[in-house]
Amino acid sequence: MKKNKIAVIILAAGKGKRMKSQTPKVLHPLCGRPMIGYALDLVKGLRPAKVVAVLGHKYNEVKQELPDGMEIVIQKQLKGTADAVKLALARLKKFHGTALILYADTPLLTEATVNRLLKHHRDNALAATLLTAGVTKPSGYGRILRDGYSCISGIVEEKDASDYQKEIKEINTGIVCFDKDLLSEALKFVRPDNRKKEYYLTDVINIFYRKNQLMENVNLDEVDEALGINSRLDLAKANAIMQARINARIMEQGITLVHPASTFISYGTKIGTDSVIYPFTVIERDVKIGKHCSIGPFAHLREGTRLGDGVIVGNFLEIVRSNIGPKALLKHFSYIGDSKIGRQVNIGAGTVTANFDGKNKNLTVVGDNAFIGSDTVLVAPVKIGKAAKTGAGSVVVKNTLVPAGSVVAGVPAKSLKHK
Ligand code: UD1
Ligand code: MG
C-alpha cells in the first residue's frame, strides 16, 4: 500500500539563462499565465501525498504563484538538478513510495501522460521509469543510452555527448518516477564531473544501471508535450501549442472561432455557448463573456472585462476592467475602461471613456437603455442616467450626472432643454 503513494518534486530553481531575462524563467507567461501554473495544475490533479517545490533564483517572486501551504525548499546555489532533488528529499524523510520529478519549464505535459508513466512504474515495480520521446531534432536534450540488450544504461547531456551520442534520437524529457528510497541512496554517488560542473539528476540512471536496478521508459506519442522551455524561441513555440489547445477546448464548449489561428484567448477565459469570435481578437486573462455574444474582428478585451449575454463588440474596440450589460451594442472603434455599462446600451462609434486623469483611474457609469452618440468623450468620473442620450461629438465633462431620459450635446455637453 505504502509503495503506491506519490510525492511530487517540482524543480523551479533555475535561472533560465538562455531566456536572457530579468524575470525568472518559470514566471514567463504562456497564454496569459505564468509557466509554472501549468505544472501546479497537473500536480493538483494527481492528488499526491506530498509536494515539494524547489525554488532558487528570485524565489520570492516565484513563491507568489504557489498555493498557500505548499512545501518549499530554497536552493541557494544552483548546483544542478540532482542537488535540487536532494534538497527536496530532505523534506520527505518519512515518505516511502514513488517520487515523481516534474520540471516547471515543461508546461505542455498532460495529466494523462503522467498517469500513464505512474501506472507503468507501479505495475512493473520499477526502480525508475523515464518519460522519453523519439524526436527528429534532439538538440538540447539529454540522450538515452542503451546497452547491447537495449536496456537503459544512462543519460548523456548534450554538452557531454560524443558526436556518435549526439546522433541518438531518443531523448530524456526530464519527467521521471523513482523509488524514493533508492533515489536517496543513489544521489550520494552523483559527482559534478561534467562540462557544466553540475550535479546531474540524470546521472542517477547510470548509477541504478550499475546496481542492476530495474528501469524502463514510457514513450511520449505527442512529442510537443516534452517541450522544455529554455529560450524565447521555445516560449513562442509552446505558446502557439497551448493556444491551439485552449482554442480547441473553447470550440468544444460550443463557441465559434471563425479563424482560430488568429484568435488569442488567455488561459481561464470563460465564454458562453453560441458566442462567435471573429479573427484578430485578443482576449487577455480574467475575462468573462456571456452567451450569444459577437466579438471582433480586431477586438482587444483586457483583464476584468465582463460581457453579459448577447453583447456585440465589433471592430477596433479595447475594453478593460469594465462590466457590459446584456445586449449592449459596441459595434465600432471605441475605448471603454473602468466602466459599468447597463443593458441594451448603444455605444456609438468612436466613443471614448477618458478614465485616467493622470493620477487615478475613474469610473464611468452608463444606465440601461442609454444611447451614447458617435464620437462622445465621457470624462470620468461621470454618470449617464437610464435611457439618456448624448449627441454626436459631445464631451461630457467629469463629475457630470446626466439625468435619466435627458439629452445632452456639445462641448462641454449641456442639456438640450436649456439651450
Ligand atoms: C534537463 C535534463 C535533460 C533533459 C531536459 C528536458 C538534467 C541534468 N538534464 O536539461 O536531460 O533532456 O531537462 O527539458 O537534468 N533546476 C533547479 N536547480 C538547478 C538546476 C535546474 O531547480 O540547480 C530546474 C530548472 O528550474 C528547470 C529544471 O530544473 O525547471 C531543468 O533545468 P534546466 O537547466 O532547464 O535543464 P536542461 O538543460 O533543460
Ligand atoms: Mg530545461
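Helices (H or I, at least four residues) and strands (E, at least two) are DSSP runs, numbered from the N terminus. The structure is a predicted model, in which local features need pLDDT of at least 70 and side-chain atom pairs count only at pLDDT 80 or more, while totals for chains, interfaces and linings use all residues. Residues are numbered from 1 along each chain as its sequence is written, chains are lettered from A and ligands numbered from 1 in the order in which they are written, and side-chain values use heavy atoms, with hydrogens and water left out.

Ala387 is located in the loop between strand 30 and strand 31 (389-390). Its phi is near 55 degrees, a positive value in a residue other than glycine. With a relative accessibility of 37%, Ala387 counts as partly exposed; the term buried stands for under 20% relative accessible area, exposed for over 50%, and partly exposed for values in between (1.4 Å probe, protein chains only). Lys20 is not a glycine either, yet has a positive phi of about 50 degrees. This lysine belongs to the loop between strand 1 and strand 2, and Lys20 is exposed, at a relative accessible area of 73%.

Two cis peptide bonds are described here. One joins Ala380 and Pro381, with omega at about 0 degrees; Pro381 sits in the loop between strand 29 (377-379) and strand 30 (382-384). Another joins Val411 and Pro412, with omega at about -10 degrees, and Pro412 sits in the loop between strand 34 (407-409) and strand 35 (414-415).

The magnesium ion (ligand 2) has Asp105 (OD) and Asn230 (OD1) as its protein donors, lying 2.4 Å from the ion. Asp105 is in the loop between strand 6 (98-103) and helix 4 (111-123), and Asn230 is in the loop between strand 11 (215-219) and helix 8 (232-252); the pair links distant parts of the chain, 125 residues apart. Donors are N, O and S atoms within 2.8 Å of the metal (3.2 Å for Na, K and Ca), and sites may look incomplete because water is not among the atoms.

Lys25 lies in the loop between strand 1 (6-12) and strand 2 (29-30), and Asp105 in the loop between strand 6 and helix 4, so the pair ties together parts that are 80 residues apart in sequence. Lys25 is buried, its relative accessible area being 10%. A salt bridge is defined as a side-chain nitrogen of Lys or Arg within 4 Å of a carboxyl oxygen of Asp or Glu. Under this rule there are 15 salt bridges. Side chains of opposite charge can pair when their charged atoms come close.

A further salt bridge is made by the side chains of Arg91 and Glu71 (3.1 Å, N to O). Arg91 is in the loop between helix 3 (81-89) and strand 6, whereas Glu71 is in strand 5 (residues 71-74), so that distant parts of the chain, 20 residues apart, are linked. Arg91 is partly exposed at 38% relative accessible area, and Glu71 is partly exposed at 24%. Glu170 forms a salt bridge with Arg146, the closest N and O atoms being 2.8 Å apart. Here Glu170 belongs to strand 10 (residues 170-179) and Arg146 to strand 8 (residues 143-146), 24 residues apart. Glu170 is buried at 18% relative accessibility, while Arg146 is partly exposed at 33%. Salt bridges that share partners also join Lys50, Glu71 and Arg91 into one network.

Finally, two C-alpha atoms give a distance across the model. Leu182 and Ala370 are 188 residues apart along the chain, and their C-alpha atoms are separated by 71 Å. Leu182 is placed in helix 6 and is partly exposed, with a relative accessible area of 28%.
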